[in-house]
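These are my notebook entries on a structure that I had not examined before.

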Amino acid sequence: MSNLSLPELLQPNLVATGTLADLPLHQLLAQGIRALVLDVDRTLLPRRGNDLPPAVEDWLRRAQQTLPLHLFSNNPSRSRIGAVAAQLGVNYTTSAGKPRRGPLRRVLEQLDLPHAQVAIVGDRVFTDVLAGNRLGLYTVLVKPVNPEGEPCRHDHWQRLEVRLARLAGAPLR
C-alpha cells in the first residue's frame, strides 16, 4: 500500500504523552477515526498481570460507545487475550505477527472501512506503528501501562525503539 521511507514508516501519526487511558478520544474522532485496533500487552494490560487497570477499562468502555474495537496481539496466548476480549465483548487476534500485514488485512476486511479511518494503538514502534503505517492506518504510540494504569517508569523496550527510530530519521514528535 505504501512507498513510505523508513523514517515515515516508523513515525506515528500521534505520540501520546501518557497511556491509552490518557488518550483524548475526541481527538481520534476529530481525525475521522471510525474503528480502533488495539495492542494488548503493555497497552491494555501491564506486563505481568491479567486485569485491566480501571482507568484503561473505563477508557475502553467509553470508546466502545462510539467505535468498534478489535484486540490485535502478537501474544499467542488465546486465554490471556481472549479473556480481555470476552470482558469487553470484542473480537480479537492472537499471534498477529506484527509488523506482517496479512493478519491486519483480515481485520481491516472485517471492519470494512477505509484504512485511514482505522487507528492502531500500541506501545511499540517496530510492531504496532510499523504495521499500521505499512497499511495506511492512523497510528498512535502510547506509553506502556503499569498495574495501576499509570505509565511504566521502566519502559526500556519503548525507549530503545524510539531511539532506534530517531537514528533511522523518524522525528517521533
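I begin with a definition: two strands count as paired if DSSP finds at least two bridges between them. I note that the model is predicted.

Entry on the sheet. I looked up the strand order and found 6 strands in an open sheet, arranged β1-β6-β5-β2-β3-β4, with parallel pairing. I recorded β1 (14–15) and β4 (91–93) as the edge strands, each of which pairs on one side only.

Entry on β1. I asked how many bridges join β1 to β6. I counted 2 bridges between β1 and β6 (residues 138–141), and the two strands run parallel. Within this pair, I found Leu14 opposite Val140 in β6.

Entry on β4. I then turned to the helix that lies across β3 (69–72) and β4, which is α4 (residues 78–88). I noted that α4 runs at about 155° to β4.

Entry on the loop between β4 and α5. I located Pro99 in this loop, with α5 spanning 102–111. I found the peptide bond from Lys98 to Pro99 to be cis, with omega near 20°. Ser95 lies in the loop between β4 and α5 as well. I read a positive phi near 50° for Ser95, which is not a glycine. I also noted that Ser95 is partly exposed, at a relative accessible area of 42%.

Entry on Arg42. I placed Arg42 in the loop between β2 (35–38) and α3 (54–64). I found a positive phi of about 75° for Arg42, although this residue is not a glycine.

Methods
Residues numbered from 1 in each chain as written. Predicted model: local features only at pLDDT ≥ 70, side-chain atom pairs only at ≥ 80, totals over all residues. Heavy atoms only, no water. Helix = DSSP H or I, 4+ residues; strand = E, 2+ residues; numbered from the N terminus. Contact = heavy atoms within 4.5 Å. Axes fitted to C-alpha atoms, helices over the stretch in contact; angles between N-to-C directions. Buried < 20%, exposed > 50% of the residue type's maximum accessible area, 1.4 Å probe, protein only.
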